[in-house]
Protein chains: 2
Amino acid sequence: MKNLLVGQSGGPTAVINASLGGVISAASLHPQEIGRIYGMRNGIEGFLKGNIIDLTGMSGKDVNRLEYTPGAYLGSCRYRLPADLQDPVYSQLFEKFQELDIGYVFYIGGNDSMDTVSRLSRHAATIGSDIRFIGIPKTIDNDLILTDHTPGFGSAAKYVAASVCEIGLDASGYEAKSVTIIEIMGRHAGWLTAAAALSRKFEGDNPILIYLPEVAFDQEDFIRRIEKAFETKNSLIVCVSEGIHDAEGKFICEYTGSAGTDTFGHKMLTGCGKYLENLVRERLGIKVRSVELNLCQRCSIFSQSLTDAREAALAGSSAVEAALKGESGKMVSFVRTSDEPYELTCSLEDVNSICNQEKKVPLEWITKDGTDVSEEFLTYARPLIQGNPAIPMKNGLPDYAYRR
Amino acid sequence: MKNLLVGQSGGPTAVINASLGGVISAASLHPQEIGRIYGMRNGIEGFLKGNIIDLTGMSGKDVNRLEYTPGAYLGSCRYRLPADLQDPVYSQLFEKFQELDIGYVFYIGGNDSMDTVSRLSRHAATIGSDIRFIGIPKTIDNDLILTDHTPGFGSAAKYVAASVCEIGLDASGYEAKSVTIIEIMGRHAGWLTAAAALSRKFEGDNPILIYLPEVAFDQEDFIRRIEKAFETKNSLIVCVSEGIHDAEGKFICEYTGSAGTDTFGHKMLTGCGKYLENLVRERLGIKVRSVELNLCQRCSIFSQSLTDAREAALAGSSAVEAALKGESGKMVSFVRTSDEPYELTCSLEDVNSICNQEKKVPLEWITKDGTDVSEEFLTYARPLIQGNPAIPMKNGLPDYAYRR
């Protein structure tokens with residue numbers, strides 16, 4: 001009988017706590033093998049300071065609440081363990097593991113978090129520790145390799161697709177020519193921006209242009225395409241990843257230039273959407289606005305994908321099952337066995353192969369002119385946004401789990 | 001037997017089409033009195049150009065779809081009829097009404113639209129026309145007088161409350177001190193920003209400060225309150241109306257100053273949230289970000305309030321019933337007969353008394369220090385965000401109504 005430790009790390013998603021719930025639920029099914037269930041407060045960084053929370057005996061209702069609660073319930077961190085596995089921080093950590101009689105450690109996170117899992121499991125090997133370390137994937141960016149997709153992406157993609165469609169319906173109410181530029185999260189990988197294509201209701205529908213960071217952005221070509229699009233449509237929606245850049249790799253948001261300073265003399269940090277809004281206004285003199293979808297992309301529960309929430313919980317419970325079977329240094333991965341009907345199984349991948357890698361949208365899934373995504377992407381992404389969860393409500397809002 | 005004409009005007013809401021659906025449904029119940037059902041394309045402005053759409057015989061399924069479709073289905077406009085009732089535009093309009101054998105005109109909109117209803121009905125009186133004109137309220141701003149509230153406010157309030165709560169949960173995941181400033185729509189009236197208070201889950205919960213345009217904003221006091229709040233809390237959420245201003249009436253967003261120019265030499269237009277973000281960073285040197293909730297506030301369907309959607313439809317059908325009873329120059333208004341249980345009836349008010357007025361949040365509902373709202377506001381607003389509609393889905397997204 002050993003105890004379990006679970007932590008969350010990196011930016012949260014709409015389903016990061018569903019994975020936590022999956023870990024707790026699965027652990028509770030193994031009372032012979034797993035004793036207490038501890039949570040790291042604020043990831044490995046908080047744990048190092050001795051901040052833990054005892055989750056043992058959490059009620060079924062509270063576990064259910066985790067499924068539709070955004071933000072990291074346990075608290076998160078952005079802390080990387082040192083590359084040198086002999087660094088004294090490892091001894092400190094393993095002493096703490098021993099004090100708490102930990103046998104299983106689960107870490108819910110993205111690239112950096114998988115690096116933490118990798119280092120902890122490699123250190124364990126060097127000292128002959130039998131603690132098992134399993135990574136549970138989590139990122140709206142969908143940029144982890146060796147998995148079909150990541151928990152968190154589906155819900156964010158659904159938020160993006162619904163919002164782009166709704167903003168399009170809102171904007172199309174007026175007769176005058178207008179451009180609405182929607183800036184979507186994703187610095188290096190364009191998965192989430194690509195999801196804007198899911199919003200189209202018919203051939204030729206908005207968004208008329210979709211720009212991902214996988215392809216260089218050409219401002220002149222962009223303006224020409226806007227002018228061209230106005231020949232057949234009055235209300236144009238353009239979707240851009242926050243990380244779009246020119247052929248030299250310079251981010252478009254950096255074009256704001258030194259002239260953009262605030263009253264304090266600081267450079268005004270605005271996104272590429274705001275820059276392109278100004279560009280269109282300057283060059284075409286028409287009505288234009290920009291919308292940054294912002295944090296709601298990763299924390300909106302009303303638009304949570306039921307598929308995503310279930311898969312996130314599955315990733316959590318699969319991690320527990322894997323650890324109990326003796327696995328360590330692995331990340332739970334998703335293997336898609338069929339697009340239609342959509343079928344998925346869980347597998348395990350070596351966490352060392354995954355960390356510090358980045359999966360981008362394949363160039364074959366981006367149209368040749370670099371302004372749209374292909375049918376292959378839609379076939380890939382559509383199953384991930386299906387289903388609306390039934391959300392218990394309180395005072396008109398989701399009855400979220402929270403700690404004071 | 002006369003025909004019916006309905007139009008939409010001003011900024012859309014999440015339920016503006018539910019009111020349209022209410023008009024169509026109610027009209028269909030009176031085949032003896034109402035013949036064809038025409039829609040103005042792009043409001044009275046489009047109608048003047050002869051743009052109409054025949055809605056007669058719209059299927060029940062399509063009418064249902066209107067209930068959960070954002071944006072103005074008929075198209076909208078921002079056009080005011082001339083104050084001079086002898087202006088030739090009125091003759092043009094009434095000629096067109098006659099051509100189409102219109103007996104009933106319904107206009108769904110806010111302040112400006114009620115002005116249109118007022119002028120049309122007064123012109124009708126001067127020429128002895130018996131066409132009946134009824135206004136159907138619509139605005140997320142909730143700033144129409146002589147009605148308990150306006151259709152559109154409840155859904156926007158629910159979006160704001162849920163988003164503020166979710167952003168708060170997202171932000172509270174980190175240990176470091178941070179401020180998140182959320183900018184909410186409402187230039188002159190703070191109703192929607194006040195709705196952020198609905199997001200609190202316990203006493204002392206975020207948002208820690210709520211600033212409405214009804215009260216002058218003091219930057220120094222704001223900074224002092226942030227410093228004070230950090231004594232008990234690490235992650236602070238502050239909500240501000242886009243229209244907050246100082247004691248002299250200068251908008252806070254105007255403080256961005258002339259130094260804020262873009263690469264084209266234009267003044268960078270940013271909201272007060274961005275300005276306050278920079279102010280906090282400059283003065284306190286801590287982690288701070290700003291989020292503009294933006295267009296999603298008025299078009300998000302996943303967070304639509306069922307109460308709001310039903311009331312919007314009710315406003316539409318009540319307008320039809322009123323016109324059939326011979327009323328004209330009126331706006332449908334809501335009369336609340338009880339807070340708990342929440343009960344509401346429809347009434348009629350003179351549209352001339354309503355147009356060009358603005359209902360602000362009563363000062364008694366704002367705390368003395370001007371940084372929060374009172375329990376009275378919560379009692380008022382809470383019933384309006386209740387209930388989640390069942391939304392028919394297609395390809396993972398709401399099966400919205402649309403015109404190509």
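This is a predicted model: local features need pLDDT of at least 70, side-chain atom pairs count only at pLDDT 80 or more; totals for chains, interfaces and linings use all residues.
1. Start with the two chains.

2. Next, a helix pair in chain A. Helix α1 (residues 16–28) packs against helix α11 (residues 306–324) at about 40°, with the axes 7 Å apart. That angle makes α1(A) oblique to α11(A). Their crossing is right-handed.

3. Look at the residues in that contact. On the α1(A) side they include A:A18, A:G22 and A:A26; on the α11(A) side, A:A309, A:G316 and A:E321 are among them. The contact residues of the two helices divide into 8 nonpolar, 4 polar and 1 charged.

4. Check the peptide bonds. Most peptide bonds are trans. The bond from A:E340 to A:P341 is cis, with omega near 0°. A:P341 sits in the loop between β10 (330–338) and β11 (343–350) of chain A. In chain B, a cis bond joins B:E340 and B:P341, and B:P341 lies in the loop between β10 (330–338) and β11 (343–350) of that chain.

5. Two residues other than glycine have a positive phi: A:L146, near 65°, and B:N294, about 65°. A:L146 is in the loop between β5 (132–137) and α6 (153–171) of chain A. B:N294 is in the loop between β9 (287–292) and α10 (296–299) of chain B.

6. Is each of these buried or partly exposed? A:L146 is partly exposed, at a relative accessible area of 39%. B:N294 is buried, at 11%.

Technical notes. Residues are numbered from 1 along each chain as its sequence is written. Chains are lettered from A and ligands numbered from 1 in the order in which they are written. Side-chain values use heavy atoms; hydrogens and water are left out. Axes are lines fitted to C-alpha atoms, for helices over the stretch in contact, and angles run from 0 to 180 degrees between N-to-C directions. Helices (H or I, at least four residues) and strands (E, at least two) are DSSP runs, numbered from the N terminus. Angles under 35 degrees count as roughly parallel, over 145 as roughly antiparallel, 65 to 115 as roughly perpendicular and the rest as oblique. A crossing is left-handed if the near helix is turned anticlockwise from the far one by less than a right angle, and right-handed if clockwise. Contact means heavy atoms within 4.5 Å. Ala, Val, Leu, Ile, Met, Phe, Trp, Tyr, Cys and Pro count as nonpolar, Asp, Glu, Lys and Arg as charged, and the others, Gly among them, as polar. Buried means under 20% relative accessible area, exposed over 50%, partly exposed in between (1.4 Å probe, protein chains only).
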